[in-house]
Amino acid sequence: MDNNFELDSIDSSHLDVLREIGNIGAGNAMTALAQMLQRKVDMKVPKADLFEFRDLGEVIGGEETIMAGVYMVVEGDIQGSMMFLLEKESSKHLIDQMLGGYGSSAAGADEFDEMEISVLKEMGNIMTGAYLNSLSDLTGLKIYPTAPDIAVDMAGAILSVPAIEFGVLGDKILMIQTRFTDDVEIDGFFILVPDLDSYKKIMESLGMA
């Protein structure tokens, strides 16, 4: 891989490596979720692919879909950001599981209260942390996530944060869709947004340069 590395020009072997990273990362994240819920979580084989950043909103269900998104900046040997997104109703379900059935949604509330936001942030923090730890283990790179931020908003609004911060609106990024179940089926989306130099470092660390 040369110094002019571009995502548009990667071949199938590079894409396979990115998909495998996504699969392993998502698997570790689901293990972390199962430990938090103290129950078995079944995961279907994740779907991983590169998408145009501007198309992501539609890919995850529509720009106006209300979602909960946990977002953190990634620092260290690679630079960029990491996001985990869930539809609002799925978020309510997981919060309710974490709180033993005493979430506000069980009482018919539509919005998250302060405790539920805290639970959701911690859940996203642990899951994205597990994902990034697996990436660090695979590559030998030092990866440090910052403290997470959380937003409950339309998908398009949540996705605009890394687009503005990293100027990636015209770029392709790696998205992993993870479908998992405890007693309901849930779609979660991990979105890794390294800069181009970081993609290059990841590939080099795996002997793909």
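**Close-up views of a predicted model**

**View 1. Buried residues of helix α6.** Helix α6 spans residues 196-205, and its buried residues are S198, Y199, K200, I202 and M203. The cover over these buried residues includes two helices, α1 (12-37) and α4 (114-139). Strands β2 (47-52), β7 (172-181) and β8 (185-194) are also among the covering elements.

**View 2. Aromatic pair of F84 and F190.** Two aromatic pairs are found in a search of the whole structure. In one of them, F84 and F190 are tilted, with 4.6 Å centre to centre and 35° between the planes. F84 belongs to strand β4 (residues 80-87) and F190 to strand β8, so the pair ties together parts that are 106 residues apart in sequence. F84 is buried, with a relative accessible area of 4%, and F190 is likewise buried, at 0% relative accessibility.

**View 3. Stacked rings of Y131 and F190.** The ring centres of Y131 and F190 lie 5.3 Å apart and the planes are at 25°; the pair therefore counts as stacked, the limit for stacking being under 30 degrees. This pair links distant parts of the chain, with Y131 in helix α4 and F190 in strand β8, 59 residues apart. Y131 is buried, at 0% relative accessibility. Through ring pairs, F84, Y131 and F190 are linked into a cluster.

**View 4. Nonpolar surface patch.** I66, V152 and M154 make a nonpolar surface patch of about 210 Å². Of these residues, V152 lies in strand β6 (residues 149-154) and is partly exposed, with a relative accessible area of 32%.

Notes:
Residues numbered from 1 in each chain as written. Predicted model: local features only at pLDDT ≥ 70, side-chain atom pairs only at ≥ 80, totals over all residues. Heavy atoms only, no water. Patch = residues over 30% accessible without salt bridge, like charges linked within 9 Å, V, L, I, M, F, W, Y side chains within 5 Å. Areas by Shrake-Rupley, 256 points an atom, 1.4 Å probe, with all protein chains shown as cover. Salt bridge = Lys/Arg side-chain N within 4 Å of Asp/Glu carboxyl O. Helix = DSSP H or I, 4+ residues; strand = E, 2+ residues; numbered from the N terminus. Buried < 20%, exposed > 50% of the residue type's maximum accessible area, 1.4 Å probe, protein only. Contact = heavy atoms within 4.5 Å. Phe/Tyr/Trp six-rings, centres within 6.5 Å; stacked < 30°, edge-to-face > 60°.
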